Amino acid sequence: MNRLTDIRLHAQQLVAPQFDDPAELIRWMGMVQAQEYSSAKWAVALRLRTPAAAPVEEALREGRILRMHIMRPTWHFIAAEDVRWMLHLSARRIRAANASFAKGNGCGLDEGDYLRCSRLLERILGGGNHLTRQQIAGELERAGMAVDAPRLNRLMMHAETDGVVCSGADRAGKPTYALLAERVPQAVDLPEEEALTLLALRYFRSHSPATFDDFVWWSGLPVGQARRGVGALDGELLRESFGGREYLLHESWATCRKAPAHAHLLPAFDEYLIAYKDRSDVLAPEHRARAFNDFGVFRPVLLHGGRIVGQWGRKGTQVGVEPFAGEKQPSARLLRSAEGRWKLFREGQAFS
């Protein structure tokens, strides 16, 4: 391990975690990519003092954590109280990307379709009704809307960015949608400059050391907005060189103790890899294709000594690990501990 990875491991709560409450952890992280629902729950749990499934499931059920298309146009977990100001920063860009994708893939949707769908969703989901995608598709079809999978994806994403819907409580292990106004009635917006500053603070406090380009990638913000957010932090960000490159370091990590010995079974799309534009600090170039591909698919990987040292996957009820050649592997004791934490999480997860 080196100073850069020591700091990142502490900042990302992968060693000496500080939180018991998943919503507080996600608030600390800013957001957690949640492309794969089950994997994202594990990404949260493994960063808690006790990596159990129950607190994560409870926070999702109670609506203290939401899963939405926000910031970058992909699924993220966010703390519920952050939803309005994050939508304020990202909704216009996500709607534009959504409309462009719909047009380029022959979905044939226009503003009238989006407006009609939103009005139907307000009626279908009103009164605290939480429905799965399949149930919503059935209701929309009965109302005369064509909703094949591509059209439904675009309609629901647009409704999210309009602040109409958000994630609801799971039903029989499946995610649902609910009305945002009912689910999080107290969520407040922030002035844009305050929101940009807060997002930059959350990122560098929980992902240091990182570069400005890393923040632009993670946030999805245009460069100008990202620069305003980072600039507003003023003296809170320090500049430090690691391996001949300059990084920004939140002042809270100016001194950081050495990370203890550890091994983690990181889930697919974990923040330790995906939250940085340049991943070469923790992943050797020759192993890149086994950790993620050019289409944006990130695989479950083994973390040891601050580096990505292998792949892992489920083999029935067991864990299979494929080490990367040339990387120092964890001891049998550390690997058993990592596997044990994951198995306990799986046993407590409310999934079919």
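Predicted model: local features only at pLDDT ≥ 70, side-chain atom pairs only at ≥ 80, totals over all residues.
Residues are numbered from 1 along each chain as its sequence is written, and side-chain values use heavy atoms, without hydrogens and water.

Colleague: How many helices and strands does the protein have?

Modeller: Helices (H or I, at least four residues) and strands (E, at least two) are DSSP runs, numbered from the N terminus. On that basis the secondary structure comes to 15 helices and eleven strands.

Colleague: What radius of gyration does the protein have?

Modeller: The radius is taken over C-alpha atoms, and the globule rule is 2.2 Å times the number of residues to the power 0.38. For 352 residues, a compact globule would come near 20 Å. The protein agrees with that, at 21 Å.

Colleague: What share of the residues is buried?

Modeller: Buried means under 20% relative accessible area, exposed over 50%, and partly exposed in between (1.4 Å probe, protein chains only). Of the 352 residues in the protein, the buried share is 55%.

Colleague: What share of the contacts with a separation of 6 or more joins residues 24 or more positions apart?

Modeller: A contact means heavy atoms within 4.5 Å. Among contacts with a separation of 6 or more, the share from residues 24 or more positions apart is 67%.

Colleague: How far apart are the centres of the positive and negative side chains?

Modeller: Lys and Arg count as positive, Asp and Glu as negative; His and the chain ends are not counted. Each charge is placed at NZ of Lys, CZ of Arg, CG of Asp or CD of Glu. There are 47 positive and 42 negative side chains. The centres of the two sets lie apart by 4 Å.

Colleague: How many aromatic pairs are there?

Modeller: Rings of Phe, Tyr and Trp (its six-membered ring) pair if their centres lie within 6.5 Å; planes under 30 degrees apart count as stacked, over 60 as edge-to-face and the rest as tilted. The count of aromatic pairs by this rule is 13.

Colleague: Why is the pair of Trp42 and Phe345 classed as it is, and how far apart in sequence are the parts it ties together?

Modeller: The ring centres are 5.1 Å apart and the planes stand at 40°, so the pair is tilted. Trp42 is buried at 3% relative accessibility, and Phe345 is buried at 1%. Trp42 lies in helix α3 (residues 37-45) and Phe345 in helix α15 (residues 332-347). The pair therefore ties together parts whose separation in sequence is 303 residues.

Colleague: Which residues form one aromatic cluster with Tyr203 and Trp218?

Modeller: Tyr203 and Trp218 are themselves a tilted pair, 4.8 Å centre to centre with 40° between the planes. Tyr203 sits in helix α10 (residues 192-207) and Trp218 in helix α11 (residues 212-219), so the pair ties together parts 15 residues apart in sequence. Tyr203 is buried at 0%, as is Trp218 at 0%. Their cluster also holds Phe204, Phe215 and Tyr276.

Colleague: Is Gln13 buried or exposed?

Modeller: Gln13 has a positive phi of about 65° although it is not a glycine. The residue is placed in the loop between α1 (3-11) and α2 (22-29). At 0% relative accessibility, Gln13 counts as buried.

Colleague: Is Ala172 buried or exposed?

Modeller: Ala172 also has a positive phi, near 55°. Its place is in the loop between β4 (165-167) and β5 (177-179). With a relative accessible area of 69%, Ala172 is exposed.
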